[in-house]
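Biologist: Could you take me through one part of this model at close range, starting from a single pairing in a sheet and then moving outwards to its surroundings?

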Amino acid sequence: MIKVENISMKFLIMHDRIRSLKEYTVALLKRRLKYEEFWALRNVSFEVRRGEVMGIIGRNGAGKSTLLKIISGILKPTEGKVKTGGNIVPMLELGSGFDLDLTGRENIFLNGAILGYSEDFLKSKYDEIVEFAELEKFIDVPIRNYSSGMLTRLAFSIATVVNPEILIVDEILAVGDEAFQAKSKARMMELMGGGTTVLFVSHNIEQIRELCNRVIWLDEGRIKMIGDKNEVCDAYKLR
Amino acid sequence: MKAEHKAKKAKLTLPAACLVLLTLYFITATALYFIAGDAFQYNNLGKPLLFGRYYFLIVAAFGLLLALYCMRLVHCSKAGARSLGLNAINAFVNYRFLLKQLVLRDFKAKYKRSVLGILWSFLNPLLTMIVQYIVFSMLFKSDIPNFVVYLLVGIVFFSFFSEATNMGLMSIVSNASLITKVYVPKYIFPVSRVLSSAINFMISMIPLFMAMLITRVKLSVSILLLPFGIICTIVFCIGMSLILSSAMVFFRDIQFLWNVISMLWMYATPIFYPESILPQHLMPLFKLNPLYHFIRFTRFIILNGASPEPKAYLLCMIAAFVPLAIGVFVFKKTQDKFVLNI
């Protein structure tokens with residue numbers, strides 16, 4: 001269950017970005033600390049029921065990523081509240097927190113800990129992760145030496161080993177080579193189908209139609225339309 | 001099936017943990033009484049101290065306060081009410097695995113690409129000490145008894161401070177990619193950096209003990225008081241790292257500024273010179289330096305083989321927990337803006 005109440009998000013944009021104490025003092029003395037306000041989200045409210053798959057569409061800069069970040073707790077909204085019931089697994093970018101100097105094995109534990117898994121859980125699922133990533137031979141090699149395909153495979157396997165109550169997905173359905181793409185897509189379908197509440201951002205309208213129950217159309221930080229997937233997708237295509 | 005990966009319920013229940021805590025408190029307090037011995041009974045002029053006379057009364061009073069607070073925590077957790085202490089305990093239980101992983105990573109990453117690896121933690125203070133010993137025993141004809149140990153205590157403590165704050169300073173900025181992608185309590189980064197430096201700190205105690213053996217320092221039971229000074233120093237460094245890491249997010253030139261400040265700090269701390277050369281009228285200023293108290297405390301224990309006066313304990317605690325409180329306050333105030341600025 002996700003309940004979003006009247007969320008607004010304001011960013012302050014500085015024209016010449018001040019990043020040092022020296023510049024700050026100079027600007028303060030010259031009284032030239034100017035900010036410009038930018039509202040990335042304005043009064044967004046909606047509710048996602050347990051087990052529902054909610055799609056989010058909109059053009060670049062419509063506020064989709066900001067919304068996902070607020071719901072996963074990374075950003076704090078300027079106004080409004082978010083209520084979530086259950087553990088959230090955000091899949092905004094795979095493999096954040098990988099350390100290139102550590103081995104595959106060490107990274108499974110590090111990345112798992114960052115995603116909030118417990119030690120016992122990771123130990124019990126360790127073989128499953130390695131097997132799914134098809135990295136048995138290379139697991140004790142520092143991941144500095146991995147190819148980018150191997151890295152994404154490892155990251156995907158760690159991120160999807162759980163059955164979270166809330167899953168937040170930002171366009172990562174297909175990674176790796178063809179065989180692994182099929183496998184990862186099947187795994188995503190399994191996750192989304194298993195009674196998990198899903199928030200799913202994509203630019204691929206066909207995928208949205210295929211997977212979601214309802215869809216939100218965001219436009220310039222406001223909800224332009226919310227409702228049945230076909231209605232919203234048709235309207236979005238006509239725009 | 002669902003949420004099976006959530007942290008398993010802590011094996012220790014809260015009331016049991018509180019009992020363990022209270023028992024530990026009383027055991028430590030009693031042990032302290034016997035280890036400290038005369039130091040708590042008489043001041044250096046031989047006059048009896050009120051502190052020693054009423055020691056167990058004071059211990060009991062604090063114990064009672066602790067017990068009351070524990071009862072409040074248990075009550076809050078039963079009633080499902082929110083409380084600061086309970087939140088902190090929950091956060092610790094939920095994130096201690098992450099903390100452990102981060103500490104391991106920082107520690108491993110440090111020596112991953114060097115041949116001697118972990119041996120550097122041991123060699124570094126040893127080599128610094130040898131260099132400084134040669135320099136200072138030739139330049140200053142120092143009249144400090146057992147100059148090697150005196151110097152080494154200063155070096156080991158100051159290099160921990162310098163390493164921990166320098167690593168802590170970068171902790172938020174260098175984990176930017178993580179902080180903007182996953183929700184993790186942010187204080188965990190400075191804390192993990194300080195704790196991984198603390199492992200180094202422990203390892204660098206080995207050359208100190210070796211120097212104590214070589215120079216025939218008399219070992220007495222008061223050596224058991226060392227952890228007090230060490231823990232206070234670690235707490236102080238956590239506080240400093242919280243302040244510095246959040247300042248670093250907003251002002252990137254803090255790191256250059258900090259290099260200069262920590263150099264100044266080193267010369268302002270009696271590491272290689274005796275306290276006696278400090279001008280008397282400036283002493284109150286030097287006593288504002290927390291490191292002064294931790295180093296003085298540790299030197300007293302090692303070189304005198306006895307416990308310092310009760311006031312030294314109090315000063316160490318103030319020097320550790322006041323910066324921590326300021327750090328927690330600054331960090332809490334600013335942490336929501338980190339994502340927007342890194």
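Biologist: Which residue in S4(A) is the bridge partner of A:Glu5?

Modeller: The bridge partner of A:Glu5 in S4(A) is A:Lys81. Before going further, please keep in mind that this is a predicted model, in which local features need pLDDT of at least 70 and side-chain atom pairs count only at pLDDT 80 or more, whereas totals for chains, interfaces and linings use all residues. Residues are numbered from 1 along each chain as its sequence is written, with chains lettered from A and ligands numbered from 1 in the order in which they are written.

The pairing you ask about belongs to S1(A) and S4(A), which run antiparallel and are joined by five bridges; strands (E, at least two residues) and helices (H or I, at least four) are DSSP runs numbered from the N terminus, and two strands pair if DSSP finds at least two bridges between them. Both strands lie in an open, antiparallel sheet of three strands with the order S2-S1-S4. Strand S2 (35–48) and strand S4 (79–84) of chain A stand at the edges with a single partner strand each, so one side of each has no neighbour in the sheet. From one strand to the next the twist averages 25°. Helix H2 (residues 64–71) of chain A packs on this sheet, touching S1, S2 and S4, and its direction makes about 120° with that of S1(A); such angles run from 0 to 180 degrees between N-to-C directions, with axes fitted as lines to C-alpha atoms, for helices over the stretch in contact, and contact requires C-beta atoms, placed from the backbone, within 7 Å.

Strand S1 (residues 2–14) of chain A also holds A:Asn6, which has a positive phi of about 50° although it is not a glycine. Most residues other than glycine have a negative phi. A:Asn6 is exposed, with 12 other C-beta atoms within 10 Å, where 12 or fewer counts as exposed, 20 or more as buried, and anything in between as partly exposed.

Chain A has a further open sheet, of six strands in the order S5-S6-S7-S3-S8-S9, and here the pairing is mixed. Strand S5 (88–91) and strand S9 (222–228) are its edges, each with a single partner strand, so one side of each is left without a neighbour in the sheet. The twist in this sheet averages 15° from one strand to the next. Within it, strand S3 (residues 53–57) and strand S7 (residues 197–201) of chain A run parallel and are joined by four bridges, and A:Val53 has A:Val198 as its bridge partner in S7(A). Helix H8 (residues 229–238) of chain A packs on the sheet, touching S3, strand S8 (214–219) and S9, with its direction at about 135° to that of S9(A).

Finally, a helix pair in chain A: helix H4 (residues 119–133) and helix H5 (residues 148–159) pack at an angle of about 140°, with their axes 8 Å apart. They are therefore oblique to each other, since angles under 35 degrees count as roughly parallel, over 145 as roughly antiparallel, 65 to 115 as roughly perpendicular and the rest as oblique. On the H4(A) side, A:Ile129, A:Phe132 and A:Ala133 meet A:Arg153, A:Leu154, A:Ser157 and A:Ile158 of H5(A).

Methods: Two residues are in contact if their C-beta atoms, placed from the backbone, lie within 7 Å.
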